[in-house]
Amino acid sequence: MRTPPGSSWWSRGWAAAHVAVVDGNEVVATSAVARAEGIRWAMRKRVAESMCPELVTFDRDPQRDARFFEPVAEAVEELAPGIEVVEPGLVAVQARGPVTYFGTAEHAAERIVDHVATRTGTEAQVGVADSLFGATKAAHRNVVVAPGGTAEFLRPLGVHELPAPELVDLLRRLGLKTLGAFADVPENAVASRFGGPATKQHRMARGLPERPLDKRRPAPELAVTQTFDEPVERIDSAAFAAKTLAEELHANLADRGLACTRLGIHARTEHDEELHRVWRAAEPLTPRGIADRVRWQLDGWLTRERLTSGIRTLTLDPSEVVDGTALQLGLWGHDDERAVRALLHVQGLLGPDAVLVPVLDGGRGPREQVRLVPWGDERTPVQNPDHPWPGRLARAPATLKDEPAELTDAAGNQVGVTGRLELTARPREVTANGRTRDVVAWAGPWPVDERWWAPDAHRAARVQVQTEDEAFLLVRRNQRWFLEGVYD
């Protein structure tokens, strides 16, 4: 959303000890002191731990984070009304009101930090800039950027600050290592060379809003409301209600060719307590994205000690909508609404893990290179698949296996792998898939030596073996052979 002239965005982030939040094998959030040690977003967990041995890591859990963050959001809102939750741990608000009330941006930031610490015991960071992206980076550094200075503030920062790992890797290979260097590329050249999604990152690097102003005032009838026969007090009941209302809201918007980018969540308890929170999204929300945010918010409300009763009425209000063509569901290369509804129905009956889709990932072994994620979740690689992984196979097998196998020489003895990474003898027979066959050709071994410094180090070696009618991928670990895959 474009910021009105003369106003800025506040952005608040966590600060603590040497702490990082990881999703899979990748860092997705860090504390201030961890960033001071060089720990960065999208860094591999292993690299981060080697750089900072005292680093404490936690697995990403948005629902848990939202629950613990709700008191912090309430404390910020007491001094800066009209906050928008970007994600658990980060809120944004127009800075004009607090700055006018407290005199200067520095005084306002100091008051908010002190108030949050007093109310919640949490140390906060505040940043001020002309765009949300700029304010977030300013908050990481506790910086107040003067009006009109966001682009200059962002120029020396590395391109790794952009939330687009594939684009970042490409920019680095092209020699564009800072946000300023990327910002200097003409926008039409970015669109033609990298595609439409990169233009949003380009605008962010220039200190502009992520997308041009293209919002509409939603019609009142777009809001959806559910009144419960029995007040909702349990998280599982709240999650079911969130999913049902999210699908209804999405259907209402889709019928009008719209998608939601700012979601208002309203609740009224049995004792007439009014609850309200706005969630902001950089991209149009899918039904899963709406349901997740509603579930996180309800979890935060229902676990508060001062909530005296369960929730009787729940309303979802699309505070900002855009053209629905901006919503790319990416289902098998096309958007089949019937298929989408069917998958959502299956997930509603059996849970989110009942529908999985593959994501090409990084790694050496074929099993590591394909990761299954619940449909509707982000399909971003945990590890860079284009990274030159030592020992990675050029061709992965068509069918993955994990069962014992045997590889023997002409004398019937088991073939092993020496410390010099050579086979102890020429393979003569292979026993796999329940049959023993003669080996007509073989290749390898290719070593796998991961986490060599750790007690749980993983050491193995792979060999490709061909018979008269099949080809196999064998892996040797713990002094035994295993069938890892079968080639067509």
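## The overall picture

The protein has 14 helices and 20 strands, read as DSSP runs of H or I with at least four residues for helices and E with at least two for strands, numbered from the N terminus. This is a predicted model, where local features need pLDDT of at least 70 and side-chain atom pairs count only at pLDDT 80 or more, while totals for chains, interfaces and linings use all residues. Residues are numbered from 1 along each chain as its sequence is written, and side-chain values use heavy atoms, with hydrogens and water left out.

Of its 488 residues, 47% count as buried (under 20% relative accessible area; exposed is over 50%, partly exposed in between, with a 1.4 Å probe and protein chains only).

## Aromatic pairs

Rings of Phe, Tyr and Trp (its six-membered ring) pair if their centres lie within 6.5 Å; planes under 30 degrees apart are stacked, over 60 edge-to-face, and the rest tilted. That gives two aromatic pairs here. Tyr101 and Phe102 have ring centres 5.0 Å apart and planes at 90 degrees, so they are edge-to-face. Tyr101 is exposed at 69% relative accessible area, whereas Phe102 is buried at 14%.

Then there's Trp279 with Trp296, a tilted pair at 5.9 Å centre to centre and 55 degrees between planes. This one links distant parts of the chain, joining strand E10 (residues 274-280) to helix H13 (residues 287-302), with the two Trp residues 17 apart. Both Trp279 and Trp296 are buried.

## Charges over rings

A charge sits over a ring if NZ of Lys or CZ of Arg is within 6 Å of the ring centre and within 35 degrees of the ring normal. Arg67 does this over Phe68, 5.4 Å from the ring centre, and Arg477 lies over the face of Phe482 at 4.1 Å.
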